[in-house]
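Subject: Model handover

Hello,

My notes on it follow below.

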Amino acid sequence: QKGGYRHFMLKEIFEQPQVITDCLAGRMDRKHNRVTLTELEALPTPSRLHIMACGTSYHAGLWGKYVLESLARIPVNVEIASEFRYKELVEEPGTLYLSISQSGETADTLAGQRMVRQKGLPVLGLCNVVGSSVAREADSVLYTQAGPEISVASTKAMCSQLVMLYLLGLYWGQNRGTLSAREMSQNLLTLETLPQTLTSQLPDMQKRARQLCPEYSRARSFFFLGRGIYYPLALEGALKLKEISYIHAQGYPAGELKHGPIALIEQELPTFALAMQNHLLDKIGSNLMEVRARNGKIIALTNPGVELDIDEKWEIPQLGDPLNSFLALPALQLFAYEMAVYLGKDVDQPRNLAKSVTVE
Ligand code: F6R
């Protein structure tokens with residue numbers, strides 16, 4: 001059942017290249033350099049998007065905000081479903097509501113979606129489980145096709161959500177004319193080669209994650225820092241570490257550190273930074289110098305050729321943004337996984353957690 005892997009979580013992390021291939025199947029038209037999402041044909045291109053989700057799916061939504069705003073120039077609002085469902089709904093013409101849920105049964109996400117539909121407003125579901133409540137009750141549904149996710153900690157489902165959000169950005173971008181033919185073609189080409197790149201990288205990533213365990217598993221708390229599209233991934237890295245290794249962790253946009261949390265930095269509180277080669281590298285570099293000046297240990301996930309004053313450099317190939325996310329995400333997942341295994345925790349069934357949260 002575990003296909004030779006020690007845990008379902010590890011198996012599902014290693015399934016991500018296949019998940020990407022399956023998400024892209026039939027949705028990319030390389031001949032005409034277009035994205036085809038037949039599920040969306042009945043819905044008008046929105047002028048605003050409002051995302052509701054919980055946990056890991058919420059982090060995917062936050063990542064989607066950056067990508068959709070950049071590719072399709074559609075303003076996106078992302079809300080935690082348990083907050084959204086109890087607020088006054090402010091109606092804005094042209095808004096499409098997007099529920100993101102792996103299980104499609106999360107009580108808060110479903111309640112948020114029901115509130116929206118009661119007002120006669122359109123909901124698109126982004127779900128993994130076919131025929132789930134979120135899928136059945138949405139006006140239209142995009143399936144992530146990631147296959148059953150057994151491990152309580154979500155991994156491959158998030159990967160599939162990111163692919164679908166990326167495709168949505170390209171789809172609405174092409175409809176709104178915000179992307180040139182060249183940009184479309186470049187985006188599709190890199191997406192197409194992604195599964196192969198990821199397959200070749202995963203074994204080394206697992207080794208690198210394992211190397212870090214003896215020293216870093218002693219920490220009682222961690223910061224995860226990122227900027228731009230890597231900020232939602234920092235949140236996800238922290239969530240994964242918390243839920244399976246029980247080490248406290250907090251994700252922050254790196255620029256926010258000096259507004260309070262930096263007070264906590266000392267030798268015993270390490271930082272895991274996402275510092276890719278992009279327009280924000282200098283910014284995160286100077287945030288890390290501030291950590292260093294306070295004796296904080298730093299692990300940085302970065303690209304070859306990047307110079308940083310840190311303790312542990314973890315290099316992944318430079319695929320550019322947002323594609324680097326598809327390598328950064330499994331690196332974070334493997335880091336949490338290896339730490340939990342090293343500490344002897346029950347990786348697939350973490351304490352106090354259920355796979356699908358069907359009650360409030
Ligand atoms: C974390 C995790 C949870 C879920 C959350 C939403 O690893 O699995 O945070 O992401 O409970 O679940 P879905 O996506 O099924 O609505």
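In which sense do strand β10 and strand β11 pair, and over how many bridges? Strand β10 (residues 271-275) and strand β11 (residues 298-302) pair in the parallel sense, over 5 bridges. A273 has A300 of β11 as its bridge partner.

First, the ground rules. This is a predicted model, so local features need pLDDT of at least 70 and side-chain atom pairs count only at pLDDT 80 or more, while totals for chains, interfaces and linings use all residues. Residues are numbered from 1 along each chain as its sequence is written, and side-chain values use heavy atoms, with hydrogens and water left out.

Confidence: the protein chain averages a pLDDT of 96 (the predictor's confidence in each residue, from 0 to 100). A score of at least 70 is reached by 100% of the residues. For the complex, the predictor gives an ipTM of 0.99 and a pTM of 0.97.

**Sheets**

Helices (H or I, at least four residues) and strands (E, at least two) are DSSP runs, numbered from the N terminus. Two strands pair if DSSP finds at least two bridges between them.

β10 and β11 belong to an open sheet of 5 strands, in the order β9-β8-β10-β11-β12, with parallel pairing. Its edge strands are β9 (248-253) and β12 (312-315), each pairing on one side only. Neighbouring strands are turned by 20° against each other on average, direction ignored. Axes here are lines fitted to C-alpha atoms, for helices over the stretch in contact, and angles run from 0 to 180 degrees between N-to-C directions. Helix α10 (residues 281-292) lies across β8 (221-226), β10 and β11. Contact means heavy atoms within 4.5 Å. α10 runs at about 165° to β10.

Another open sheet of 5 strands has the order β4-β3-β5-β6-β7, again with parallel pairing. β4 (76-80) and β7 (140-143) stand at the edges with a single partner strand each, so one side of each has no neighbour in the sheet. The twist averages 20° from one strand to the next. Strand β6 (residues 123-127) pairs with β7 over 4 bridges, in the parallel sense. G125 has V141 of β7 as its bridge partner. Helix α7 (residues 156-176) lies across β3 (48-53), β5, β6 and β7, at about 160° to β5.

**Pockets and cavity**

The search uses a 1 Å grid over the protein atoms alone. A cavity is a set of points where a 1.4 Å probe fits but cannot get out; a pocket is an open set with protein on both sides within 12 Å along at least five of seven lines. Lining residues have an atom within 4 Å of a point. Grid points are joined across faces, edges and corners, and a volume is the space filled by probe spheres set on the points.

The largest pocket holds about 530 Å³ of space. It is lined by 25 residues, and the closest to its centre are C54, G55, T56, K355 and V357. Two or more lining residues come from each of α3 (55-72), β5 (95-101), α5 (107-118) and α9 (230-245).

The second largest pocket holds about 300 Å³. Of its 18 lining residues, Y66, S70, I229, D321 and P322 are the closest to its centre. α3 gives the most to this lining, with 4 residues.

The whole structure has 1 cavity of 30 Å³ or more. The largest cavity has a volume of about 40 Å³. Its lining includes R227, Y230, L274 and I284. β10 and α10 each supply at least two of the lining residues.
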